[in-house]
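Let us walk through this structure together, going from its overall layout to a single pair of side chains. Please keep the 3D view open as you read.

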Amino acid sequence: MSAIDISNKQFKTLANLIYSESGIHIHDGKMELLKSKIAKRMRATRISSCSSYLEYLIDNKDEIIEFIDTVTTNHSFFFRENRSIENMIRFLTDRGSMTGKGNASFHGAVGNGVASSFKLWCAACSTGDEPYSVAIQLLERGLDFNILATDISHSVLNVAIKGIYSSERVKNVPVPLLHRYFQKGNGKQSGFVRVKKTVMEHVAFKKFNLVTDAVPQEQYDVVLCRNVMIYFDNATTENVINRLYHALKPGGLFIIGQAESLMNMKHNFKSLKNTPSTFQK
Ligand SMILES: C[S@@+](CC[C@H](N)C(=O)[O-])C[C@H]1O[C@@H](n2cnc3c(N)ncnc32)[C@H](O)[C@@H]1O
């Protein structure tokens, strides 16, 4: 018998709690995973019995936040699935040039034809690898932009704000860009890189729950929501994509992960030719 022993009823209660708080669908095969998360939180809260921890958790808003934080999968790395980002930047570049601003340092926004900074929302940004990768490539093209980067997990946002990563995480970054946009750590920081301020100043991090929080009033040229809906069931995914639709300007782009699909979902996005992970409002 494992040190953590939960009944089927307790498992169901926890799975329902996780689902209602985050949209994350925990199926029956995840019992062992859930036990390891409970064990982690029992150590952190110094509660020695599993049943006492579960009693403590159920009515404690702060602990629910910590527990959900533990349950999230935050795997990410720089320049992940970068083809979609390259396509998106090509799209913005074309829109930018339509505003007549020339090639370098141009502005532009979809929809209204009025020159302004591009607004992007990276809606499940994890440790920041994704929004910083996007920012680096937008800077390379001389575009004027700002990125809102959000996640449900406060611990990943703390990592993102620091902007320090192991060299492993940046191994897909082309070497010239690595030199231009990162500082290499020395001494104790050897094996780590820090994202330069010129990149960081374009990205604002904020906690945001895709399932329960009201979408911002502001509308975006691009919304990225990649590699999070794989943890949601169809009902939650449909709800999330339709909420994010409202956060886009007309003509704006919605980008999902390569392993994700909008097939069999009711939505108003248009599919784009040759870009299976990119949709348009
Ligand atoms: C696997 S990471 C993907 C990170 C990045 N988008 C990428 O593609 O590399 C999934 C992220 O979704 C976040 N997440 C899970 N449920 C969420 C929710 N309901 N609202 C906002 N973020 C959520 C997790 O905290 C995690 O950081």
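The paragraphs below take up the domains, their interface, the sheet and the salt bridges.

What you see is a predicted model, in which local features need pLDDT of at least 70 and side-chain atom pairs count only at pLDDT 80 or more, while totals for chains, interfaces and linings use all residues. Residues are numbered from 1 along each chain as its sequence is written, and side-chain values use heavy atoms, with hydrogens and water left out.

Start with the domains, whose bounds come from an automatic or database domain assignment. The protein chain is divided into domain 1 (8-71) and domain 2 (82-280), and their C-alpha centres are 30 Å apart.

Now turn to where the two meet. Here 11 residues of domain 1 are in contact (heavy atoms within 4.5 Å) with 13 residues of domain 2. The buried area, meaning the accessible area (1.4 Å probe) that two parts lose on being put together, summed over both, is about 840 Å², and carbon and sulfur atoms give 48% of it. On the domain 1 side, the elements that give two or more residues are α1 (8-22) and α4 (61-71); helices here are DSSP runs (H or I, at least four residues) and strands likewise (E, at least two), numbered from the N terminus.

Next, look for the sheet. Its 7 strands form an open sheet with mixed pairing, in the order β6-β2-β1-β7-β8-β10-β9; two strands pair if DSSP finds at least two bridges between them. At the edges are β6 (203-207) and β9 (270-271), each pairing on one side only. Strand β2 (residues 145-151) runs parallel to β6 over 5 bridges, and Ala149 has Phe205 in β6 as its bridge partner.

Finally, consider charge. Side chains of opposite charge can pair when their charged atoms come close. The whole structure holds 10 salt bridges (a side-chain nitrogen of Lys or Arg within 4 Å of a carboxyl oxygen of Asp or Glu). One of them joins Glu21 and Lys61, at 3.4 Å from N to O. This pair links distant parts of the chain, with Glu21 in helix α1 and Lys61 in helix α4, 40 residues apart. Across the interface of domain 1 and domain 2, however, the rule finds 0 salt bridges.
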